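Welcome, and thanks for taking a look.

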Amino acid sequence: MNWTILFNPLAKLPAKPILLVGIISAVIGSFISQFNHTIFDGLVDAHTYQLLTYTQAITANLVNIILPCVFLFILGRFINPKTRMIDILNTSFLYRIPIYIIPFVTSFPSMKSIEAKINEPMMSIKDLQFSSDEITMLIIFSCISLAILAYAIALLFMGFKTATNAKKAWHYLAFVGVFILCEILSKFIIHSFL
């Protein structure tokens with residue numbers, strides 16, 4: 001298996017087909033979001049939102065694509081003036097693809113019953129109790145979700161590294177800073193229209 005394509009498609013595949021895949025996946029991902037009532041309300045966040053419309057779903061998704069694209073492109077130009085916008089845009093589209101799987105993970109019936117317990121308005125945290133099966137399912141689905149998020153962040157980082165030819169420690173630290181900034185900004189922007 002060619003691990004480079006799996007973790008850094010930007011290094012092996014042409015830019016235009018990646019862009020097409022990114023656009024199609026963003027449209028499908030927004031449908032998944034709306035269908036499963038799951039708002040992508042941060043770069044790597046997903047939460048249940050029962051009143052979600054497709055307009056809100058695609059707007060939130062676009063915020064999570066455009067924000068890192070703009071900020072990583074600006075950072076990329078500082079690192080390497082030859083950084084191309086299409087490469088950063090492709091990276092911003094590609095890292096989202098694994099995140100579109102999360103609503104399927106949270107839509108399992110066992111996860112829905114756990115979520116119902118947690119969201120019960122009359123239940124206080126100290127009274128919350130889970131069966132051993134529920135705890136097991138919670139651990140399994142948490143591990144799956146963390147693996148998906150780690151893969152998404154790896155795609156974003158590797159794509160950025162390839163697009164900018166980043167090699168120095170400050171490049172990586174700046175990437176982390178931009179990522180955190182975009183996460184915070186996306187929360188404010190997305191929650192302003194929900």
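How does the lining of the largest pocket divide by class into nonpolar, polar and charged residues? The lining has eleven nonpolar, six polar and two charged residues, where Ala, Val, Leu, Ile, Met, Phe, Trp, Tyr, Cys and Pro count as nonpolar, Asp, Glu, Lys and Arg as charged, and the others, Gly among them, as polar.

This is a predicted model, in which local features need pLDDT of at least 70, side-chain atom pairs count only at pLDDT 80 or more, and totals for chains, interfaces and linings use all residues. Residues are numbered from 1 along each chain as its sequence is written, and side-chain values use heavy atoms, with hydrogens and water left out.

**Overall fold**
- The chain has nine helices and two strands, taken as DSSP runs numbered from the N terminus (helices are H or I, at least four residues; strands are E, at least two).
- Read from the N terminus, the order of elements is α-α-β-β-α-α-α-α-α-α-α.
- The C-alpha trace spans about 55 × 35 × 30 Å along its principal axes.

**Largest pocket**
- A pocket here is an open set of points on a 1 Å grid over the protein atoms alone, with protein on both sides within 12 Å along at least five of seven lines; a cavity is a set where a 1.4 Å probe fits but cannot get out, and lining residues have an atom within 4 Å of a point.
- The largest pocket has a volume of about 470 Å³, a volume being the space filled by probe spheres set on points joined across faces, edges and corners.
- Of its 19 lining residues, A46, H47, I102, T106 and M111 lie nearest the centre.
- β2 (45-48), α6 (102-106), α7 (109-119) and α8 each give two or more residues to this lining, and α8 gives the most, with six.

**Largest cavity**
- There is one cavity of 30 Å³ or more, and the largest cavity holds about 40 Å³ of space.
- Its lining is formed by N8, P9, L10, N90, T91, L94, L155 and G159: four nonpolar, four polar and no charged residues.
- α4 gives the most to this lining, with three residues.

**Helix pair α4 and α8**
- α4 and α8 pack at about 170° with axes 9 Å apart, the axes being lines fitted to C-alpha atoms over the stretch in contact, and angles running from 0 to 180 degrees between N-to-C directions.
- That makes α4 roughly antiparallel to α8 (angles over 145 degrees count as roughly antiparallel, under 35 as roughly parallel, 65 to 115 as roughly perpendicular and the rest as oblique).
- D87, I88, T91 and L94 of α4 meet L155, L156, G159, F160, A163 and T164 of α8, contact meaning heavy atoms within 4.5 Å.
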